[in-house]
Amino acid sequence: MVDKVNYGYGGLLVCLVVISFSIISIQGAIIHNIICPFQSLYQFGDSFSDTGNLNRILPAGPTIPAASLPYGETFPGSPTGRWSDGRLVIDFTAMALGIPLLNPYLDKNASFKNGVNFAVAASTALNSSFFTSRGIIVPTSVPSLNAQLTWFRTYLTSICLTPADCSYKLRSALIFVGEIGANDIIYPLAQRKSLQEIQTYVPFINQAIINITREIILDGALQIVVPGNFPLGCLPFGISVFGSNKSAVTYDEFGCVISLNNLVTFQNNDLKVGLDSLRREFPHAVIIYADYYNAFLSLLRHAPILGFDPRSVLEVCCGSRNYNDEFIDTLGPEFCGQTGVPVCPNPNRYIHWDGLHLTEAANRHISNIIVRNILLRIKCV
């Protein structure tokens, strides 16, 4: 349960000062404290960080919602394959670190001089066979996390000749392994698997993430960020899954589904245990856990101060207004991007873009928090 915040005048003034100081501190750290800046940035993950891979996968890619407006309407003004009205957390992170925005791996005409984005929307940490064996349908044409590792290694062969050469080039790189694993929960949840059953999947999900992180370290990476999952019970999608049986659901003070968030908390805690083990295995590497869960909750706690409309913190900017009352199919006629589906005129006042993904404004604030924590842990080599 999250503590309730009193937004009286005095508290508001204190919060404004604290947040303003935090932003100044972040900017100052970027300008003054990075003695040996990162030369490259790499991203593995799913739709929270995909900058244009899924929309390049045929035959369905060009027809996905993120391949059309209103996706991209805030930035760059046209669709790029990002599942938002604009930039993502990884985009703002790259900007903060002084690195150009990452191009998607499948854009073969793009420059990969400063890194690559391997993330694919709809991707899972686990291979599709895991879900098929449990009667769960997942898109088999979407590369899993393991396939993204294959892409990464193929890319390495284009920039280095030997393992030692690759290790040298990766010394100045920062690598994000995730956020990944949300779809491993979302797919079975949408197909009405119980939270109890899905919880049994968590050790397998996290082991897949740990295994890939280990392989990346063995390839020569020294500084890796492994984000935890967002509180899925606060996403309009997560709320909609339980919308038809509200009397049996317990909500927190924000209106988030407690049982679903408890599952995510279990997943994140288990992931942190795995990362602790990985740190003991590779004491020379810096492995940072990025707390996306609490970074997101800070948006709910401080919504008015951050410029979000407190009346719409759990509502979508783009999509059916019935989202919180009934389950909305992500490819159905009421999802964002479909004909006649409404779009809010001011996405910067909303946290949620389409029910599963966040607005550019929300992504910016989350990145501010994540970057600050990374800067406190970086290790110059």
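Student: Is Ser 298 buried or exposed?

Tutor: Happy to start there, and note that this is a predicted model, where local features need pLDDT of at least 70, side-chain atom pairs count only at pLDDT 80 or more, and totals for chains, interfaces and linings use all residues. Residues are numbered from 1 along each chain as its sequence is written, and side-chain values use heavy atoms, leaving out hydrogens and water. Buried means under 20% relative accessible area, exposed over 50%, and partly exposed in between, with a 1.4 Å probe and protein chains only. Ser 298 has a relative accessible area of 13%, so the residue is buried.

Student: Which residues is Ser 298 in contact with, leaving aside its neighbours within four places in sequence?

Tutor: Contact means heavy atoms within 4.5 Å. Ser 298 and Ile 369 are 71 residues apart in sequence, yet 9.5 Å apart in space, C-alpha to C-alpha. With those neighbours left aside, the contacts of Ser 298 are Leu 306 and Ile 369.

Student: How many disulfides does the structure hold?

Tutor: A disulfide here is a pair of cysteine sulfur atoms within 2.5 Å. One of them joins Cys 234 to Cys 256, S to S 2.1 Å. Another is formed by Cys 317 and Cys 344, with sulfur atoms 2.0 Å apart. The number of disulfides in the structure is four.

Student: What is the handedness of the disulfide of Cys 317 and Cys 344?

Tutor: Cys 317 is buried at 0% relative accessible area, and Cys 344 is buried at 5%. The torsion about their S-S bond is about -85 degrees, so the disulfide is left-handed.
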